[in-house]
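I'd like to talk about salt bridges today, so let me put the model up.

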Amino acid sequence: MKVLRGILLQDNRDFIKAWSKTSKSTIMYESGKIYFENYQNCYSCVHSEPQLLYKLPKRSKLEKFEDALLCQSPLDNTLTSPSDHKPSLLALTANNWLYRLSAETGEELQRVYLSSNHKFRYLGWDVSQEMFYVKSVQNKDTLLARQAGITQNTVMHLAIFHVFPLQVVGMLEINKKVFGNSVTDVVLSQGVLVVSYSNKSVKLYSFKHIVQRKLTLGKQSSLLGGKTVGDVPFGIPVNIQITDCPPVLFEVSCTDNSVQIGGYPWHYIYTPLHKNHKGTHHICSLKDSTMVFTVTSSGRTVKKRFRQLDDDPDQETFRMVEYEDELDLLAVVVTNGEEGEGRAHIRLHDNQSGQLLRTVDLVEPWDETYRHELFFDKDTIVHIEQKNSNFCCHVYKLKAASK
C-alpha cells in the first residue's frame with residue numbers, strides 16, 4: 001500500500017476518466033464492484049475499465065431484492081466449506097428469502113426462509129461481532145384497531161445471523177411493553193442494541209445480555225414443534241424472549257436519533273437537539289460525557305461560530321469527504337462556485353498532517369441540485385450522480401499521464 005500510495009502521488013500519474021454508464025435505477029458501489037438494476041448486473045473495477053462479472057436472470061416482483069450486503073471472509077479463518085471463504089452477496093427478497101450468492105459469479109450458495117408472519121425489508125451489519133441483522137417493517141396501529149381500542153405492542157422483528165459460516169443467532173421481537181411506547185427504530189452495532197425513541201433520545205442495551213436460546217439452521221427446533229429452522233413455511237422462530245427491559249448502558253438525546261461510538265478510549269459523536277447546534281458534531285467521552293471538542297460538517301474545529309451559505313457562488317465549497325483507509329488519504333470534493341453547471345475537483349490530503357498532496361479534476365459537471373456519491377478505493381475513483389429519475393456512474397482509474 002505504501003508503494004501504491006507513492007505511485008499514486010507521482011507527477012507522471014493521473015486519474016483519468018475510463019468509463020461511464022447510466023441506469024434508470026439506483027447504482028451501488030462497494031469493494032471494487034458496481035451493481036446495476038437492483039443488484040442484477042455486477043461490474044468489476046479491477047481492470048483498466050469496469051467489466052461485467054455476471055448478470056442474474058430476471059426476477060419477479062415477489063422475488064426482487066429489497067436490500068443487500070457484501071460479505072467477505074477474514075483471511076486468517078479456516079472454514080469447513082470452501083464456498084464460505086469466497087466473497088458473497090447477502091440478498092433479501094420481497095418474499096422473505098435470504099440468499100447468499102457468490103460475489104464473483106452470482107451463483108446461489110445458500111438460502112434461508114425467514115418467516116411467513118413478518119415482512120422483512122432491511123439488512124444491516126454489526127461488523128465487529130461478525131454479525132448482520134435482517135429488520136422487518138414496522139407494525140403500525142391501524143385506524144380500525146385504534147377505534148376498537150386494540151394496541152399493537154410489537155414494533156418490529158430482528159433476525160440476527162453470524163457469518164463465516166452463516167449461522168442463525170435468533171429472532172428478536174421489539175415490544176413496546178419492554179422498551180416503551182415511543183420506540184421508532186432499532187439497529188444492532190458493536191454488540192449493542194441501539195433503540196431510538198420519538199422524543200429524540202437513543203438508548204443502548206447489551207445484546208449479549210438479551211440473547212438466550214440458540215438455534216441451528218437446518219436442524220429441528222422445539223420452538224417450531226420439531227420442524228426445521230429456515231425451511232418454508234416456518235422460517236425462524238422467535239427464540240429471544242424479553243419480558244423485562246434490560247439495563248440501559250447509555251442514553252443521549254440527539255438530532256435525527258443519530259449517535260456514533262468508537263475510538264480508544266471510547267467516545268461518542270452526536271448533534272445536540274438545540275437549533276443553535278445544527279451542522280455541528282459534539283465529541284464526548286463515553287465514560288463521563290465530558291465534551292472533548294466540536295466540529296462542523298466540513299470537519300473544521302469550531303472556535304467561533306458564523307453563518308455562511310453552503311452554496312455561496314463566490315467561493316469554493318467543500319461538498320464531501322471520503323477516507324481511503326489503506327492509503328491513509330482523504331479525498332475532499334470541492335466545487336468552484338460557478339453559475340450553472342459547476343465544476344468539481346478532488347483534493348487528496350495526507351490524513352496525518354492534512355497536507356494537500358495532489359488534485360484530481362472531475363470531467364463531468366457537478367450540479368449541486370442533484371444527489372452525488374463519491375468512492376475512493378486505491379487506484380479507483382467512482383462518482384455516482386442522480387439526475388431526476390436517471391442515475392449515472394463515472395469511473396476514474398490511475399494511469400500514466402499523457403505527455
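Let's begin at Asp350, which is buried, at a relative accessible area of 10%; buried means under 20% relative accessible area, exposed over 50%, and partly exposed in between, with a 1.4 Å probe and protein chains only. The side chain of Asp350 meets that of Arg5 in a salt bridge, 2.6 Å from N to O. By salt bridge I mean a side-chain nitrogen of Lys or Arg within 4 Å of a carboxyl oxygen of Asp or Glu. Arg5 sits in helix 1 (residues 2–8) and Asp350 in strand 25 (residues 344–350), so this pair ties together parts that are 345 residues apart in sequence. Helices (H or I, at least four residues) and strands (E, at least two) are DSSP runs, numbered from the N terminus.

Quick word on the source: this is a predicted model, where local features need pLDDT of at least 70 and side-chain atom pairs count only at pLDDT 80 or more, while totals for chains, interfaces and linings use all residues. Residues are numbered from 1 along each chain as its sequence is written, and side-chain values use heavy atoms, with hydrogens and water left out.

Next pair: Glu364 and Lys17 form a salt bridge, with the closest N and O atoms 3.1 Å apart. Glu364 is in the loop between strand 26 (356–361) and strand 27 (372–377), and Lys17 is in strand 1 (residues 13–23), 347 residues away. Glu364 is buried at 5%, whereas Lys17 is partly exposed at 29%.

And how many salt bridges does the structure hold? It's 13. Among the residues involved, Lys64, Glu66 and Lys119 are linked in a network.
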